[in-house]
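Take a look at the model first.

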Amino acid sequence: MCLAVPGKVLDVEDRDGTRMATVDFGGVVKEVCLEYLPDLKPGEYAIVHVGFALQRLDEESARRTLELFETLGMLQEEFGDPWEAAEATGSERPAQDGLAGEVTR
């Protein structure tokens with residue numbers, strides 16, 4: 001499942017003409033493209049989907065959403081080890097080569 005997850009911007013930099021940020025998603029840190037929100041600053045929150053910051057979000061809403069996702073185990077499913085996520089949900093394990101759509105039995 002692909003979620004739109006709120007995250008806190010830790011830092012922002014320009015990489016080869018593209019604004020990028022390091023974003024903290026409740027303890028998981030990922031690189032995110034800021035082209036849709038070029039004025040986003042460190043300390044602010046945004047909803048991120050497939051590596052793109054899409055919408056600015058207030059801190060309280062971001063925290064509540066992250067807590068809910070954590071309670072439901074959705075952060076582990078989204079960011080965690082795909083082997084653990086498959087086992088936790090009773091799904092088939094992902095293929096070792098990591099190709100989308102392929103599973104091993």
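**Salt bridges and strands at a glance**

R64 and E60 sit four residues apart in helix α1, about one turn of the helix. Their side chains meet in a salt bridge, 3.7 Å from N to O (that term takes a side-chain nitrogen of Lys or Arg within 4 Å of a carboxyl oxygen of Asp or Glu). Keep in mind that this is a predicted model, where local features need pLDDT of at least 70, side-chain atom pairs count only at pLDDT 80 or more, and totals for chains, interfaces and linings use all residues. Residues are numbered from 1 along each chain as its sequence is written, and side-chain values use heavy atoms, with hydrogens and water left out. Helices (H or I, at least four residues) and strands (E, at least two) are DSSP runs, numbered from the N terminus.

**Charged pairs**

- The structure holds six salt bridges.
- R56 pairs with D39, and their closest N and O atoms are 3.2 Å apart.
- R56 belongs to strand β5 and D39 to the loop between β3 and β4, so this pair ties together parts that are 17 residues apart in sequence.
- R56 is partly exposed at 35% relative accessible area, and D39 is partly exposed too, at 44% (buried is under 20%, exposed over 50%, partly exposed in between, with a 1.4 Å probe and protein chains only).
- Back in helix α1, E59 forms a salt bridge with R63, with the closest N and O atoms 2.5 Å apart; these two are also four residues apart, about one turn of the helix.
- E59 comes out at 37% relative accessible area, R63 at 41% and E60 at 45%.

**Hairpins**

- Strands β2 (residues 18–25) and β3 (residues 28–33) pair in the antiparallel sense over six bridges (pairing needs at least two DSSP bridges between the strands).
- V23 stands opposite K30 in β3, and G26 in the two-residue turn of this hairpin has a positive phi of about 60°.
- Strands β4 (residues 45–49) and β5 (residues 52–57) are antiparallel as well, over five bridges, with R56 as the bridge partner of A46.
- In the β4 and β5 hairpin, V50 takes a positive phi near 45°.

**Nonpolar core**

- The largest nonpolar core has 16 residues, and V5, V23, F25, V32, L40 and A53 touch the most other members (a core joins buried Ala, Val, Leu, Ile, Met, Phe, Trp, Tyr and Cys through side-chain atoms within 4.5 Å).
- β1 (5–15), β2, β4 and α1 (59–71) each supply at least two residues of this core, and β2 gives the most, with three.
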